[in-house]
Amino acid sequence: MLEFFEYDQLSGFASIYDSHITLNKTLLNYLTDAYRVRVAVNKEKNEIQIYTINKDYALSGELNEASLLPVSISKTYARICSRPLIEYLSKAFNLSIEKKEFKRYPACYNKEKKVIIINMEKEVS
């Protein structure tokens, strides 16, 4: 019986630096409509959740503007820059990230919830 290799298009990696989070190319497909993002922490599941917000919803006034973070998208990665966010995540997950260092974690897209989930259980080398 043949078993063919199929690339997992839902999984990727997130790198957390001292001032931003970088999502790798695999996860870019799920940020195409993103104007801003909202980031949530689920301490029980030990994960970070990134929700994409399109421009119409972001400007509708329904969400607190301070909770919406800009996302920069290039051809090979996406970046969410926010020192306060990284400080919050560092406290929530007891992280220590020095300048010019990063920590990489597995990340995936959940189709049902339409969210990028960063698994903070174990750092990937």
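The model described here is predicted.

Lys114 is located in the loop that links β7 to β8 (115–119). Its phi is near 55°, a positive value in a residue other than glycine. Asn94 likewise has a positive phi, of about 55°, although it is not a glycine. This residue belongs to the loop between α2 and β7, and with a relative accessible area of 71% Asn94 is exposed. As background, most residues other than glycine have a negative phi.

The strands form a closed barrel of eight, in the order β1-β2-β6-β5-β3-β4-β8-β7, with antiparallel pairing. On average, neighbouring strands of this sheet are turned by 30° against each other, direction ignored. Helix α2 (residues 83–93) packs on the sheet and touches β1, β2, β3, β4 (47–53), β5 and β6. The direction of α2 makes about 15° with that of β3.

Several strand pairs can be described individually. β1 and β2 run antiparallel and are joined by three bridges; Ser15 has Thr22 in β2 as its bridge partner. Strand β3 (residues 36–42) pairs with strand β5 (residues 69–73) in the antiparallel sense over two bridges, and Leu69 in β5 is the bridge partner of Val37. Three bridges also join β5 to strand β6 (residues 77–81), again in antiparallel fashion. Three residues separate β5 and β6, which form a hairpin.

Thr22 lies in strand β2. With a relative accessible area of 11%, Thr22 is buried, because the limit for that class is under 20%. Beyond its neighbours within four places in sequence, Thr22 is in contact with Phe13, Ala14, Ser15, Tyr17, Tyr77, Ala78 and Arg79. The side chains of Thr22 and His20 are joined by a polar contact of 3.5 Å.

His20 also takes part in a polar contact of 3.2 Å with Ser19, side chain to side chain. Ser19 is found in the loop between β1 (11–17) and β2 (20–24). The C-alpha atoms of Ser19 and Ser82 are 5.7 Å apart in space, although the two residues are 63 apart in sequence. Once neighbours within four places in sequence are set aside, the contacts of Ser19 are Ile80, Cys81, Ser82, Arg83 and Ile86.

## Aromatic pairs

A pair of aromatic rings is described by the distance of the centres and the angle of the planes. The count of such pairs in this model comes to two. In one of them, the rings of Tyr17 and Phe102 have centres 5.1 Å apart and planes at 35°, so the pair is tilted. Tyr17 lies in strand β1 and Phe102 in strand β7 (residues 102–110), so the pair ties together parts that are 85 residues apart in sequence. Tyr17 is partly exposed, with a relative accessible area of 23%, and Phe102 counts as partly exposed at 40% relative accessibility.

The rings of Tyr30 and Tyr109 have their centres 4.0 Å apart and their planes at 5°, so this pair is stacked. Planes under 30 degrees apart count as stacked. Tyr30 lies in the loop between β2 and β3, and Tyr109 in strand β7, so the pair ties together parts that are 79 residues apart in sequence. Tyr30 counts as buried at 18% relative accessibility, and Tyr109 is buried with a relative accessible area of 15%.

## Charges over aromatic faces

Two arginine side chains are placed over aromatic rings. Arg36 lies over the face of Tyr35, at 4.5 Å from the ring centre. Arg104 lies over the face of Phe13, at 5.4 Å from the ring centre. Phe13 is also one of the residues in contact with Thr22.

Conventions. Residues are numbered from 1 along each chain as its sequence is written. This is a predicted model: local features need pLDDT of at least 70, side-chain atom pairs count only at pLDDT 80 or more; totals for chains, interfaces and linings use all residues. Side-chain values use heavy atoms; hydrogens and water are left out. Two strands pair if DSSP finds at least two bridges between them. Helices (H or I, at least four residues) and strands (E, at least two) are DSSP runs, numbered from the N terminus. Contact means heavy atoms within 4.5 Å. A polar contact is a pair of N or O atoms within 3.5 Å; within protein, one must be able to donate a hydrogen and the other to accept it, and residues adjacent in sequence count only if both atoms are side-chain atoms. Rings of Phe, Tyr and Trp (its six-membered ring) pair if their centres lie within 6.5 Å; planes under 30 degrees apart count as stacked, over 60 as edge-to-face and the rest as tilted. Buried means under 20% relative accessible area, exposed over 50%, partly exposed in between (1.4 Å probe, protein chains only). A charge sits over a ring if NZ of Lys or CZ of Arg is within 6 Å of the ring centre and within 35 degrees of the ring normal. Axes are lines fitted to C-alpha atoms, for helices over the stretch in contact, and angles run from 0 to 180 degrees between N-to-C directions.
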